[in-house]
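Thanks for coming. I have one structure to go through today, so please look at the screen and follow along.

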Amino acid sequence: MRHVLELDEPAIGFTDSFLLGNGRFGATVRGGIGVERIDLNLDTFWSGGPHEIERGQPPAHLLPLLRDAIRRGDQRLADHLASQMQGPGWTESYQPLGAVLLSYGPKQDAVLYRRRLDLSKAVASTRYEMASKAVEMVSFVSLADDVFVSTVSGPGLLDWHDLGVAYESPHPGVQMDIESTDDLRWLMIGGRAPVKAMPNYVTVEPAVVYDRDGPAADGTVAKGMAYAIVAVLQQVGPGETRLIVAASTGFRGYGQRPIGNPRALIRSARDRVEVALRH
């Protein structure tokens, strides 16, 4: 079928997972049997913070000299001039948000396994049978609500009280809260990005540094923005469960000190999940 990728086994890792997103919020799904791992990322989540204003003459005056060196084929001079036009230090590193793990069924051998990615609809699905019972998971990232949504259905699911939602983080010092009601299970996560993350081609130790100091009175930090993830597991009906996930970062704009308090970001992410629950 055109615009459809279909495979007969789960992904082994991130690189062969199916990618979903809305241009801002991204997620991967691996199509696991009984458990799904959703790796998350957000376009504004980076290490570091705004650079200080450069002192001295701006490097724009070197541009005519660089162009002339390129025209004359003087590659050594062109490379030297181009390096002088670059900013000081190193570019900071894009950061992963971590992974939400959903345990929804037994991890047993399955038959008639298929996982599909419909590129025309940006929808991923996993379907298999276990003991003659079909299980299906359908996942996408909503543009309108800015959330990840995954619905799993079938008579082979775990009991509602045995369903599990967990989180794995690449960042230390994560704060985590759990709330449960009769038909909702909330997972609320907050943490901080590194204040410094050196490129892998630069030999400097420590290469990754985190700041344990709290934010200023206005809730901002110079470096190491906060982030938040809010996930809710919803019992839709008999044999049907839905997972909704939203994420927020402390990015406030170029040149602006980012938010360093995860609690404020947890509230904004939860608001988006609550809106999606009403749809």
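Before anything else, a definition: two strands pair if DSSP finds at least two bridges between them. With that in hand, take L5, which stands opposite L117 in strand 6. Strand 6 covers residues 111–118, and four bridges join it to strand 1, with the two running antiparallel. Note that what you see is a predicted model.

Now the overall picture. The protein chain has 279 residues, of which 44% count as buried. Its secondary structure comes to three helices and 16 strands. Along the principal axes, the C-alpha atoms fill a box of roughly 70 × 50 × 35 Å. If you take contacts between residues at least 6 apart in sequence, 63% join residues at least 24 apart.

Strand 5, residues 98–103, is joined to strand 10 by five bridges, and the two run antiparallel. In that pair, V100 stands opposite Y167.

Next, helix 3. It runs over residues 262–277, which is 16 residues, and spans 22 Å from first C-alpha to last, close to the 22 Å expected at 1.5 Å a residue. At its start, a side-chain oxygen of N261 comes to within 3.1 Å of the backbone nitrogen of R263.

Which residues of helix 3 are buried? They are P262, L265, I266, A269, R270, R272, V273, A276 and L277. Seen down the helix axis, these fall within an arc of 160°, so they line one face of helix 3. As a reminder, an α-helix has 3.6 residues a turn, so residues three or four places apart point the same way. What do the buried residues of helix 3 pack against? The answer is strand 11, strand 12 (184–192), strand 15 (226–237) and strand 16 (240–249).

Leaving out residues up to four places away in sequence, R270 touches E179, W186, M188 and V230.

Last, some backbone geometry. Most residues other than glycine have a negative phi, and most peptide bonds are trans. H3, in the segment before strand 1, has a positive phi of about 70° although it is not a glycine. At 42% relative accessibility, H3 is partly exposed. L112, in strand 6, is not a glycine either and has a positive phi of about 55°. With 58% relative accessibility, L112 counts as exposed. Finally, the peptide bond between E205 and P206 is cis, with omega about -5°. P206 sits in the loop between strand 13 (196–197) and strand 14 (208–209).

Notes
Residues numbered from 1 in each chain as written. Predicted model: local features only at pLDDT ≥ 70, side-chain atom pairs only at ≥ 80, totals over all residues. Heavy atoms only, no water. Expected span 1.5 Å × (residues − 1). Buried < 20%, exposed > 50% of the residue type's maximum accessible area, 1.4 Å probe, protein only. Arc of directions from axis to C-beta. Contact = heavy atoms within 4.5 Å. Polar contact = N/O pair within 3.5 Å; in protein donor to acceptor, adjacent residues only side chain to side chain.
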